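Here is a short note to read beside the model. Keep the sequence and the structure open while going through the points.

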Amino acid sequence: MYRKIRVIVLIVIIYFIAILAKNLYEYRVKTIDEAIGFNLDNVYKVEILRNEQPKITEDKEKIKELTEWLRGYKYKMSSTVKGKIDFSYYVINFYSHVENGFIAFDKDNKKIIIVNGYTYEVFDNSIVQDYLQSFWESIR
C-alpha cells in the first residue's frame, strides 16, 4: 500500500519538475533564431510590410544585413498567449525552403515584438525603429 503511494507521489513530482523545466526553457533569453524556431541563414526571401504595403527582396546581402541586425538583440518570451497583430506594425515575413516565420514590430512600444504570434520582450534595450525605416526604403 505504502509502495503504491510512494510511486504515485514520485510520478506527480516528476510531472511537476517536467512542467517547470519546460517553462524555464521557453522563458529563457533567446536569440532571434531560437525565438523564430529556425536558422535565419537559410532564408531565401524576406517580405516586409509597413502600413499594409509589402516589399519583397531575395537579395542575399540585404537578408544577411537584416538578420545580423536582429541578432544584435536578445529576446525573452513574455507570454505563451498569441498576440494580436495590428497592421500599424512593421511586419517581416521570412521564407526558407523548410520553414517560414514572421516578426511584428510595434511603432509605439519598442521593447515588445511578436514572433510567430508569441509576444517577446526585447531584453537588452529597445529596438531601433530607424533601421526598419531605412531597410524598408532600401528595398526596390
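This is a predicted model: local features need pLDDT of at least 70, side-chain atom pairs count only at pLDDT 80 or more; totals for chains, interfaces and linings use all residues.

Which residue forms a salt bridge with Arg 71, and how far apart are the closest N and O atoms?

1. The partner is Asp 33, and the closest N and O atoms of this salt bridge are 2.8 Å apart.

2. Arg 71 has a relative accessibility of 22% and counts as partly exposed. Asp 33 has a relative accessible area of 16% and is buried. The cut-off for buried is under 20%.

3. Arg 71 has a further salt bridge, to Glu 68, with 3.1 Å from N to O. Arg 71 and Glu 68 are three residues apart in helix α3, so about one helical turn separates them. An α-helix has 3.6 residues a turn, so residues three or four places apart point the same way. Glu 68 is partly exposed, at 42% relative accessibility.

4. These salt bridges should be read as part of a network. The network links Asp 33, Asp 41, Glu 68 and Arg 71. In the whole structure, the search finds four salt bridges.

5. Lys 62 is buried, at 18% relative accessible area, whereas Glu 65 is partly exposed, at 37%.

6. Next, the aromatic rings. How many aromatic pairs does the structure hold? There are five aromatic pairs. One of them joins Tyr 15 and Phe 16, whose ring centres are 5.8 Å apart with 70° between the planes, an edge-to-face arrangement. Both of these residues are exposed.

7. Another pair is formed by Tyr 131 and Phe 135. The ring centres lie 6.1 Å apart and the planes meet at 25°, so this pair is stacked. The limit that matters here is that planes under 30 degrees apart count as stacked. Tyr 131 and Phe 135 are four residues apart in helix α4, residues 129–138, so they are about one helical turn from each other. Tyr 131 and Phe 135 are both buried. They also belong to a cluster in which ring pairs link them with Trp 69, Tyr 73 and Phe 105.

8. Helix α4 deserves a look as a whole. Are its buried residues on the same side or on opposite sides? The buried residues are Gln 129, Tyr 131, Leu 132, Phe 135 and Trp 136. They span an arc of only 155° around the axis, so they are on the same side of α4. These buried residues pack against strands β2 (43–50), β3 (53–57), β5 and β6 (100–105), and against helix α3.

9. Two lysines are placed over aromatic rings. The charged end of Lys 55 sits over the ring of Trp 136, at 4.7 Å from the ring centre. Trp 136 is one of the buried residues of α4. Lys 45 lies over the face of Tyr 95, at 5.0 Å from the ring centre.

10. Ser 96 is worth checking in the viewer. This residue lies in strand β5, residues 90–96, and is buried, with 7% relative accessible area. Its side chain reaches the backbone oxygen of Glu 99 at 2.6 Å. Leaving aside residues up to four places away in sequence, Ser 96 touches Phe 38, Asn 42, Val 43 and Tyr 44.

11. Last, Tyr 118. This residue lies in strand β8, residues 118–122, and is partly exposed, at 29% relative accessibility. How far is the C-alpha atom of Tyr 118 from that of Glu 61? The separation is 28 Å, for two residues that are 57 apart along the chain.

Conventions. Residues are numbered from 1 along each chain as its sequence is written. Side-chain values use heavy atoms; hydrogens and water are left out. A salt bridge is a side-chain nitrogen of Lys or Arg within 4 Å of a carboxyl oxygen of Asp or Glu. Buried means under 20% relative accessible area, exposed over 50%, partly exposed in between (1.4 Å probe, protein chains only). Helices (H or I, at least four residues) and strands (E, at least two) are DSSP runs, numbered from the N terminus. A polar contact is a pair of N or O atoms within 3.5 Å; within protein, one must be able to donate a hydrogen and the other to accept it, and residues adjacent in sequence count only if both atoms are side-chain atoms. Contact means heavy atoms within 4.5 Å. Rings of Phe, Tyr and Trp (its six-membered ring) pair if their centres lie within 6.5 Å; planes under 30 degrees apart count as stacked, over 60 as edge-to-face and the rest as tilted. A charge sits over a ring if NZ of Lys or CZ of Arg is within 6 Å of the ring centre and within 35 degrees of the ring normal. The arc is that of the directions from the helix axis to the C-beta atoms.
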